[in-house]
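Subject: Structure handover

Hello,

Here is the structure I promised to pass on. Please open it alongside these notes.

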Amino acid sequence: MNTVNRLIVIVLFEGVDLLDVTGPPEVFSFVQRETDDATGYQVVLAAETLDPVTTSAGVRVLPDVTFDEVSTRAVDTLLVPGAVEIDDRRRVRPLTDPAVVDRVRALAARSRRVASVCVGAHILAAAGLLDGRRATTHWSTAQQLAADHPEIEVDADPIFIRDGDVWTGAGISACLDLSLALVADDFGEATALRVARQLVMYLKRPSGQSQFSVPLEPVSTTRRIEDLRHHITRTLGERHTVAGLAAFAHVSERQLTRIFKAELGMTPSVYIESARVEMARNQLESTDMTLERIASTCGFGTTDTLIRAFRRRLNTTPTEYRLRFRSGPA
């Protein structure tokens, strides 16, 4: 029997996100157990030296090989995790060490395919590996990726995207979905299903599924908008109009729309729908309320309106969302 080990190289560097590094090998390790032969993966952690690397969680990880050592081998999959720093305003900034970028660029030339996890997409972008491609990253840094690299078609919504031989993943936990998709690509859906069952994962979140990030994260700089946001949150079940919100804020309707776009990057109606979807998500996750009741309490009015909003915002339905993310017994 021929043994085929696909070499997967995971890039290590100081401050790297721990789950980005440890999540994918857990998925890959189950392939050997769930196949009928010895076919599987060989996963190695590569760094500049063999000294321990301190991750963002403070946990130290030992590299298996140096970049120089692995540079002479044929790499099946180069997996690039990410790292971020948080400023005093809790804003996230992805880190792209030029030395790491150079190593990734060189190793990518020897790899059958390249994949990034979370903000690792910024490293691929800096290495020129995403030019002319469609890509995703964590929703909190997607705007920066698009601004820094206009040659990339950035889509912040999907949990992972494949564009040719380059894959990009979204939020940190989406590394499991990305890894599972790589397994399916290599060994078929049946093997991926068996792996997912062992990991107690939902199989198989499609690449087009939303990250389920909440489009309410922009922080406004004016007290007037903050007061409006709190007012909307407190009264989501009520009917809201631009005229009514403008009256509450003591501005004209045109000025209200202009303020929302300038401060939050969206119209009042888009913000209200986003807030209602977020409220509905919480109720789907934590209550047994019917869809009719949720639609009413969140201000959607009808179940059809609720369903359309979920499809538009999250690329799924309320029922599917509840099945996947219900936090208590059904």
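The chain has 14 helices and 13 strands. Both are DSSP runs, numbered from the N terminus: helices are H or I with at least four residues, strands are E with at least two. This is a predicted model, in which local features need pLDDT of at least 70 and side-chain atom pairs count only at pLDDT 80 or more, while totals for chains, interfaces and linings use all residues. Residues are numbered from 1 along each chain as its sequence is written, and side-chain values use heavy atoms, leaving out hydrogens and water.

Overall figures

Of the chain's 330 residues, 48% count as buried. Buried means under 20% relative accessible area, exposed over 50%, and partly exposed in between (1.4 Å probe, protein chains only). The chain exposes about 15900 Å², and carbon and sulfur atoms supply 49% of that. Areas come from the Shrake-Rupley method with a 1.4 Å probe. Take contacts between residues at least 6 apart in sequence: 64% join residues at least 24 apart. Contact means heavy atoms within 4.5 Å.

Cores

A nonpolar core is a set of buried Ala, Val, Leu, Ile, Met, Phe, Trp, Tyr and Cys residues joined through side-chain atoms within 4.5 Å. The largest one has 65 residues, of which Leu78 and Val104 touch the most other members. Helix H6 (residues 174-187) gives this core its largest share, nine residues. Beyond its neighbours within four places in sequence, Val104 contacts Val11, Leu78, Val80, Ile123, Leu124 and Leu129. A second, separate core has 16 residues, among them Leu228, Leu236, Leu264 and Ala275.

Helix H13

H13 runs over residues 303-314. At 1.5 Å a residue, its 12 residues should span 16 Å, and its end C-alpha atoms are 16 Å apart, which agrees. The expected span is 1.5 Å times one less than the number of residues. Thr303, Leu306, Ala309, Phe310 and Leu314 are buried. They cover an arc of only 125° around the axis, so they sit on the same side of H13. The arc is that of the directions from the helix axis to the C-beta atoms. The buried residues pack against H11 (268-286), H12 (291-297) and H14 (318-325). Exposed Asp304 and Arg312 lie on the face turned away from the buried side.

Positive phi

Asn315 sits in the loop between H13 and H14. Its phi is near 60°. At 46% relative accessibility, Asn315 is partly exposed. Cys118 has a phi near 55°. Cys118 lies in the loop between strand S9 (111-116) and helix H4 (120-126). Cys118 is buried, at 3% relative accessible area.

Best wishes
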